[in-house]
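Please look over the notes below with the model open beside them.

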Amino acid sequence: MLAFPQPRKSESTSHPLDDASAELPVVDLPENSDTMEALLRLSYPRPTFSTFWTFDCAAELLEAAHKYELAYAEATLKQAIAPFVRDQPIQVYAFAARFRMTDLMEATAHACLALPFFWAYIPELENISAGAYHRLLDYRERCKVALGTISHTQWSVKDHRWTWRVCTTCVKHTSSRHVATGACGKCGQATWFSSFWNDVMARLKERPSVVTLLDQTLYDVPSLKKALDCATCRMVMYEQIRKFLALLADEAAKKISEVRPCPTPCGPKLTLLPGALGNQVTRYG
Ligand SMILES: [Zn+2]
Ligand SMILES: [Zn+2]
Ligand SMILES: [Zn+2]
């Protein structure tokens, strides 16, 4: 605020409102009146929740709210742009990075996980630093690694009787007891399930997000259709896979939440040490 030209102090000692012709103090702002009015309308005469047709409409207001530190308006606007965070995360990330809105960078980096890489070019990318773009990709890579450690054997066969582990047609059991108890977890799994698991992991690599596991097209992959060839698996497969993917989605969400976002400049800090003969020695700390 202080960087803007401030009103000149009136030389008259009378109150400006005493005389209708007296000039009121004026501060010149670079924003146009529509922007400023829309911004003020967010909290005056009463708090309002706005909806925006395009992100650009909201971005202009958000930029001004952030600049003038209008915390209430900024928080309201960040709620209003939630649909754009989900649908145009890269565009919103580029905007957030430009103004170093850390919370918005984290939210959009998270939303970007649901997009298949390599995403299309958008002009907003010209406005962000290579560092900010790198952090977006770095976060994605670390989420990919975290999801790569996910396992499908952590849910008790005894509780769930997963058909891909207990089926006597699809799995060769080493003991007749396994068949009797229906809780074998030791004899491996149906071939169709192994292929399905590979498909799931390949998709998670492409889109390291919970969204991937909730994608309905996952039920159409050919590996899953193979299960329909088995009279036993056919009966329960879709129901069990649905339950299994829900558990897996919870696990994936947990793994991603443990991945540290990296929204601010990171990497080795440069430390300058005075070296011999007046040279500067650069050390990575
Ligand atoms: Zn702000
Ligand atoms: Zn067995
Ligand atoms: Zn089977």
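1. Which protein donors hold the zinc ion (ligand 3)? They are C167 (SG), C170 (SG), C230 (SG) and C233 (SG), at 2.2 to 2.3 Å from the ion, where donors are N, O and S atoms within 2.8 Å of the metal (3.2 Å for Na, K and Ca) and water is not among the atoms, so sites may look incomplete.

2. This is a predicted model, in which local features need pLDDT of at least 70 and side-chain atom pairs count only at pLDDT 80 or more, while totals for chains, interfaces and linings use all residues. Residues are numbered from 1 along each chain as its sequence is written, chains are lettered from A and ligands numbered from 1 in the order written, and side-chain values use heavy atoms, without hydrogens and water.

3. The site of the zinc ion (ligand 3) is tetrahedral, with angles of 102 to 114 degrees among its four donor atoms; four donors count as tetrahedral if all angles lie between 85 and 135 degrees.

4. Along the chain, the donors of the zinc ion (ligand 3) follow the spacing C-x2-C-x59-C-x2-C. C170 lies in the loop between α9 (163–166) and α10 (176–181) and C233 in helix α14 (residues 231–257), so this pair ties together parts 63 residues apart in sequence; helices are DSSP runs (H or I, at least four residues), numbered from the N terminus.

5. The zinc ion (ligand 2) has H173 (ND1), H178 (ND1), C184 (SG) and C187 (SG) as its protein donors, at 2.1 to 2.3 Å, and these residues are spaced H-x4-H-x5-C-x2-C in sequence. Its four donor atoms subtend angles of 93 to 123 degrees, so the arrangement is tetrahedral.

Notes: Four donors count as tetrahedral if all angles lie between 85 and 135 degrees; four count as square planar and six as octahedral if opposite donors are over 155 degrees apart and all others between 65 and 115; anything else is irregular. Helices (H or I, at least four residues) and strands (E, at least two) are DSSP runs, numbered from the N terminus.
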